[in-house]
Structure formats: C-alpha cells, structure tokens
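This briefing concerns one protein structure, to be read with the model in view. Please consult the sequence and the three-dimensional display before turning to the points below.

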Amino acid sequence: MEQYNVLVVDDEKEIRDAIEIYLKNEGIRVIKAADGIEAIEKLNEQPVHLILLDVMMPRQDGITTTFRIREDKNIPIIILSAKAEDTDKILGLQVGADDYVTKPFNPLELIARIKSQLRRYVTLGTYEGKAKVIDLNGLTLDQASKEVTAHGEPVKLTPIEYKIIELLMTNAGRVFSITDIYERVWKEPSYNAENTVAVHIRKIREKIEIDPKNPRYLKVVWGIGYKIEK
C-alpha cells in the first residue's frame, strides 16, 4: 500500500506536532512547515499528496499560499482555521481549497476528511467501466489522462472541480441537484452545501466558458440544479 505524504502548515508547533501524532497512527507520513513560504519550499522538494493549511500565519497566509499553489498544482488542500465565518470559508474555496475545517477540530473528523480527500486524489476520475474521451461541442474530457480541454485549450482543474465536471459530462443533459452533486463528489451527507457547490461551479465556469455569465456548457436549471448540455 502506498504511503501518503501530508504537508501540515501551521505557525503553532503544538498543532503541527499533534496532527503529526494523529496521522502517524494512520500510517501517513507528515511533512511540517511553519508558514506559507516554507510550505511551498517543502512542496517543491518532495512529493506531497495533500496539504493541511492554516489561514492566519506570518510571512505568508494560507489564502495567498493556496492561490500560489493552485497556479500549477491540483493537490488537495484542506484549510484549517479558527475563523468560522462563512465569508472566510468561501474565500478559501474561491482560491482553490477543497475543504475547510474549523479549530478547535475533532481529530477523528479531521482524519476522516483527510482520508476522503486522499482517496479522491489518488483515484481521481475512477468510474466503473472503460475510460473514454467525451467531447461535447468543444468541451473535451479524457478519463484516461484526466485532462479537460475547452476550445482547444487545456483547463487546469482542482481534484474537486474535475470530479464535478466529470460527473456532469458523463451524464450530459441530466440535471443534478446541489445535494446530488455534493454527495456524489464529496462522498458525505449534504448539509448546507449550497455555497460550497456554487463556488466550485463558478470556478469551473470561469475556466471552461468564454463568457461565464452567459455559459454555453454548464447550465443552471433554476430551482433544480446544474447540468452540462449535450
């Protein structure tokens, strides 16, 4: 079984060390950094399968770090912060985070979320049946290479964004509710998932649509959910 490497980024040593203990008990190797600048240095030095990232840190905060990582990497990122306001959660998701855990956290819940993101990352795009290429009027998804192109240009997607667009493209024309999307992609019950799903949908539109405000592919069906046109 492959050993996963999790990069834990927090300016509080006690938190880094505590998380390391929890994850080591699960057979997960921990790499530690005290701020965003050190995190990016560690990320460039060795393979990392997931990043657990605090928001409030000296030198470079978690939001800025997430934005910079997302410029060229799709590694799952879980934001960890004492802030519980919806605006902070949405900001983290907007710049590319995949999940958000609020301090003080339940260790069992944190481990469960980390394992869930790791499973999605290492099995990204795995569906029953043979992998195939789906082409919907210029929007193309290759299930084998996990690549998406729009208008002939490659699209950089986070793991969650890829799972959403793959779900919709493999079921083109079918409308999925917010609850359906969340539970199929996040693999957990949907509670107040509207903002989370909406933020990811908006980011996908910005990447695949020529005019995100007048989308050609990813359509909203008001009062029901979302679909990708055939």
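With which side chain does the side chain of Gln 143 make a polar contact? The partner is the side chain of Glu 166, at 3.0 Å. The model under discussion is predicted. The points that follow begin with these residues and then turn to helices, helix pairs and backbone geometry.

- Gln 143 sits in the loop that joins β7 (139-142) to β8 (147-150).
- Its relative accessibility is 6%, and Gln 143 therefore counts as buried, the cut-off being under 20%.
- Tyr 22 belongs to helix α1 (residues 13-24).
- Because its relative accessibility is 29%, Tyr 22 is classed as partly exposed.
- Leaving aside residues up to four places away in sequence, Tyr 22 touches Phe 105, Pro 107 and Ile 111.
- Tyr 22 and Ile 111 are separated by 89 residues in sequence, yet their C-alpha atoms are 7.6 Å apart in space.

**Buried faces of helices**

- An α-helix has 3.6 residues a turn, so residues three or four places apart point the same way.
- In helix α2 (residues 36-45), the buried residues are Gly 36, Ala 39 and Leu 43.
- Viewed down the axis of α2, these buried residues fall within an arc of 50 degrees, so they line one face of the helix.
- On the face of α2 turned away from the buried side are the exposed residues Asn 44 and Glu 45.
- The cover over the buried residues of α2 includes β1 (5-9), β2 (29-33), β3 (50-54) and α3 (62-69).
- In α3, the buried residues are Gly 62, Ile 63, Thr 65, Thr 66 and Ile 69.
- The buried residues of α3 lie within an arc of 160 degrees when seen down the helix axis, so they too line one face of their helix.
- In helix α7 (residues 178-186), Ile 181, Tyr 182, Val 185 and Trp 186 are buried.
- Packing against the buried residues of α7 are α5, α6, α8 and β11 (225-228).

**Helix starts**

- Asp 35 caps the N-terminal end of α2, with a side-chain oxygen 3.0 Å from the backbone nitrogen of Ile 37.
- At the start of α3, a side-chain oxygen of Asp 61 comes to within 2.9 Å of the backbone nitrogen of Ile 63.

**Packed helix pairs**

- Two packed helices are described by the angle between their axes and the distance between the axes.
- Helices α6 (residues 159-169) and α8 (residues 194-208) pack at about 80 degrees, with axes 10 Å apart.
- The two helices α6 and α8 are therefore roughly perpendicular to each other.
- On the α6 side, this contact is made by Ile 160, Glu 161, Ile 164 and Ile 165; on the α8 side, by His 200, Ile 201, Lys 203, Ile 204, Lys 207 and Ile 208.
- By class, the residues of the contact of α6 with α8 are six nonpolar, one polar and three charged.
- The axes of α7 and α8 come within 10 Å and cross at roughly 80 degrees.
- Helix α7 is therefore roughly perpendicular to α8.
- Ile 178, Ile 181, Tyr 182 and Trp 186 of α7 meet Glu 194, Thr 196, Val 197 and His 200 of α8.
- The contact of α7 with α8 comprises five nonpolar residues, two polar and one charged.

**Backbone geometry**

- Most residues other than glycine have a negative phi, and most peptide bonds are trans.
- The peptide bond from Lys 103 to Pro 104 is cis, with omega near -5 degrees.
- Pro 104 lies in the loop between β5 (99-102) and α5 (107-122).
- Asn 137 is not a glycine, but has a positive phi of about 55 degrees.
- The position of Asn 137 is in the loop between β6 (133-136) and β7.
- With a relative accessibility of 47%, Asn 137 counts as partly exposed.
- Lys 187, also not a glycine, has a positive phi of about 60 degrees.

Notes:
Residues are numbered from 1 along each chain as its sequence is written. This is a predicted model: local features need pLDDT of at least 70, side-chain atom pairs count only at pLDDT 80 or more; totals for chains, interfaces and linings use all residues. Side-chain values use heavy atoms; hydrogens and water are left out. Buried means under 20% relative accessible area, exposed over 50%, partly exposed in between (1.4 Å probe, protein chains only). Helices (H or I, at least four residues) and strands (E, at least two) are DSSP runs, numbered from the N terminus. The arc is that of the directions from the helix axis to the C-beta atoms. Contact means heavy atoms within 4.5 Å. A polar contact is a pair of N or O atoms within 3.5 Å; within protein, one must be able to donate a hydrogen and the other to accept it, and residues adjacent in sequence count only if both atoms are side-chain atoms. Axes are lines fitted to C-alpha atoms, for helices over the stretch in contact, and angles run from 0 to 180 degrees between N-to-C directions. Angles under 35 degrees count as roughly parallel, over 145 as roughly antiparallel, 65 to 115 as roughly perpendicular and the rest as oblique. Ala, Val, Leu, Ile, Met, Phe, Trp, Tyr, Cys and Pro count as nonpolar, Asp, Glu, Lys and Arg as charged, and the others, Gly among them, as polar.
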